[in-house]
Number of protein chains: 2
Amino acid sequence: MRIAVDAMGGDHAPDEIVRGALLYREADGKADLVLVGRDDDVRRALGRHAATPGISVVDARDVVSMDEHPANALRRRGDTSIGVATTLVKKGEADAVISAGNTGATMAAALLILGRVKGIDRPALCGMLPTTAGKPACLIDAGATMDVDAKNLLQYALMASRFMEHVHGVAHPTVGLLNVGEEPEKGGRVQQEAHALLSGAEGITFYGNVEGRDVMRGTTDIVVCDGFVGNVLAKGMEGVVDVFREGIRDDIFGGLLGKIAAVVALRGVNKLRHRLDYDPYASAPLLGVAGVSVVTHGRARGPMLRYAIEVGERAVATQLVATIGTVGA
Amino acid sequence: MRIAVDAMGGDHAPDEIVRGALLYREADGKADLVLVGRDDDVRRALGRHAATPGISVVDARDVVSMDEHPANALRRRGDTSIGVATTLVKKGEADAVISAGNTGATMAAALLILGRVKGIDRPALCGMLPTTAGKPACLIDAGATMDVDAKNLLQYALMASRFMEHVHGVAHPTVGLLNVGEEPEKGGRVQQEAHALLSGAEGITFYGNVEGRDVMRGTTDIVVCDGFVGNVLAKGMEGVVDVFREGIRDDIFGGLLGKIAAVVALRGVNKLRHRLDYDPYASAPLLGVAGVSVVTHGRARGPMLRYAIEVGERAVATQLVATIGTVGA
């Protein structure tokens, strides 16, 4: 197995991306890794690890920056790291592509270069979130497709169910339809239709409607919504997490007394930190495209990137894309 | 001025509702209050304050519970506290209605009994949220109307602008369109159309697109979205706040060492608590209906209810409904 890693994508590229690749190899990862990016930059980041077995470098001179229009950048420039990495998958020279870069660019590359799985009308980003139930939940779609109908939402539920079974080992994952209340008649036209479709569907364990607050509680393993709502919700929740992280650091443990308190409460602080640590699953595979494409957080450092590579590895090993092909059949 | 208060609505009714009414009167509130609910229950809650000047009781034997279908309950039963309280406004016997009860019932009562303001196509719930910018932000629509078009979103922006000027004293409040990215072409069809409409609109200060994380940062005074997205986002953010509140209490300050740390860090804990205290504005007026109707949190206790009454008072004193009538003209 070979996995292509966009070495230039993300806030801490290439150093932390390369570190993640090395961590993966040190942990006896099954796949060989192809680091795609500016040859000289990547080799400098590799340093004395340049000869690590199972790691090679493919040169790509260009990068799609975080604030560029992704599809335009890809169409106009043939030598971007994400474009080259995705093309390796298309050519069969790699089995998966992983990127912490511009999410739109990773999605656009997957759609333009790999294309859709037959029978799946719209791709969806499968965002993994931490929950207080001590297990991750999958929010699908976290931002790939804006305008959807009820049938798209059913396909998301089916794809995410196979993903949670294959990649995260969850038997009979439960599916919640994101809505404004529990009753089947809640929500707009699309949600009402989707509730009826999901209720009668085979191949999923439908729980019913869930609300915004259920996502972090882990009420269901999977939360289904359109990409607009999923993106707004994920970013809104992340915004609150940031506020509390800063508040705990600066307000509670900021001054001199705070610093003393921090030492005394260290165990508790670590407990809370551990509870909300989502490095091991902060990856968002793009489902519905004809290949394994995994996006991870722009902020990703080495450990988070290592886990994203592992998600890609499991998706390849369990033949996730072929299974999703049967969803659309 | 007279304000009708649904004394039976909310998790802590009638005791905390009555306490909020008394707090308002003790703080020299301008309006007389009419407490609407089961006469005996309300009088018991009033206790020795039964003869407080400016407080009267109107009997209503029935209550819409938190999990009832609101419109059905209101159509079938004529003697619910929210129905009677809203009817007082319709008859001109009160100038505003305040409730911490079933939000759907408060909205349904306002729509069925008061009706819409001429020229406003859809009502919207104006949810007030705390921000780290040290000022509240208004999320409109927080859950009144599910399926909307771009013109509805423009009306929300206009109504919320007048609300923030009149009731919260913000000059030239900035309006953000909730979206998945900054660029005008982001989002679905409705958001793209709304961006164009808002860009050219008079009577608002349009900032451009904002994202989920901007809401808590207070990037704009007003965040415009449809009621489905607004409801999901508000509940999602609230869910994260709850997780951190519990985490700080149980994980960080839970054990013996944690309790010692809590005493040492008390000033910091209070600082964070104060920063996120949104009692003074945790009210959601329903805009676009022909009268002042203010919803507050089901969890509301006395102080939060007092502030909701003050929001109603300011809406009446500044003739908000008449001003909104000019928006629709």
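How closely do the axes of helix H1 and helix H12 of chain A come, and at what angle do they cross? The axes of H1 (residues 15–26) and H12 (residues 302–317) come within 7 Å and cross at roughly 55°. Here an axis is a line fitted to C-alpha atoms, for helices over the stretch in contact, and angles run from 0 to 180 degrees between N-to-C directions. Helices (H or I, at least four residues) and strands (E, at least two) are DSSP runs, numbered from the N terminus.

This is a predicted model: local features need pLDDT of at least 70, side-chain atom pairs count only at pLDDT 80 or more, and totals for chains, interfaces and linings use all residues. Residues are numbered from 1 along each chain as its sequence is written, while chains are lettered from A and ligands numbered from 1 in the order in which they are written.

H1(A) and H12(A) are oblique to each other. Angles under 35 degrees count as roughly parallel, over 145 as roughly antiparallel, 65 to 115 as roughly perpendicular, and the rest as oblique. The crossing of H1(A) and H12(A) is right-handed. A crossing is right-handed if the near helix is turned clockwise from the far one by less than a right angle, and left-handed if anticlockwise. On the H1(A) side, the contact uses A:Glu16, A:Ile17, A:Arg19, A:Gly20, A:Leu23 and A:Tyr24. H12(A) answers with A:Gly302, A:Pro303, A:Leu305, A:Arg306, A:Ile309 and A:Glu310. Two residues are in contact if their C-beta atoms, placed from the backbone, lie within 7 Å. By class, this contact has 6 nonpolar, 2 polar and 4 charged residues. Ala, Val, Leu, Ile, Met, Phe, Trp, Tyr, Cys and Pro count as nonpolar; Asp, Glu, Lys and Arg count as charged; the others, Gly among them, count as polar.

A cis peptide bond joins A:Ala13 and A:Pro14, with omega about -5°. A:Pro14 lies in the loop between strand E1 (2–6) and H1 of chain A. A:Gln319 has phi near 55°, a positive value in a residue other than glycine. The loop between H12 and helix H13 (320–327) of chain A holds A:Gln319.

Now find the sheet of chain A. It is open and has 11 strands, in the order E3-E2-E1-E4-E11-E10-E5-E6-E9-E7-E8, with mixed pairing. Two strands pair if DSSP finds at least two bridges between them. Strand E3 (55–59) and strand E8 (205–210) are the edges, each pairing on one side only. Neighbouring strands are turned by 25° against each other on average, direction ignored. Take one pair: E5 (residues 124–129) and E10 (residues 283–287) run antiparallel over 2 bridges. A:Leu125 has A:Leu286 of E10(A) as its bridge partner.

Another helix pair in chain A is H6 (residues 150–168) and H7 (residues 189–199). Their axes are 8 Å apart, at an angle of about 50°. That makes H6(A) oblique to H7(A). The crossing is right-handed. H6(A) brings A:Ala150, A:Lys151, A:Leu153, A:Leu154 and A:Ala157 to the contact, and H7(A) brings A:Val190, A:Glu193, A:Ala194, A:Leu197 and A:Leu198. These residues divide into 8 nonpolar, no polar and 2 charged.

Next, compare the two chains. A rotation of 180° with 0.0 Å of shift along its axis superposes chain A on chain B, with RMSD 0.0 Å.

The axes of H10 (residues 256–264) of chain A and H10 (residues 256–264) of chain B come within 8 Å and cross at roughly 175°. That makes H10(A) roughly antiparallel to H10(B). The contact has 8 nonpolar, no polar and no charged residues.

Finally, the whole interface. In it, 48 residues of chain A touch 48 residues of chain B. On the chain A side, H8 (212–217), H9 (227–252), H10 and H11 (266–275) each supply at least two residues. H9(A) gives the largest share, 18 residues. The chain A side divides into 24 nonpolar, 13 polar and 11 charged residues. Of the interface residues of chain A, 100% are also interface residues in chain B, so the copies meet through the same surface.

How values were computed: Copies are superposed by least squares on the C-alpha atoms of residues with pLDDT of at least 70 in both.
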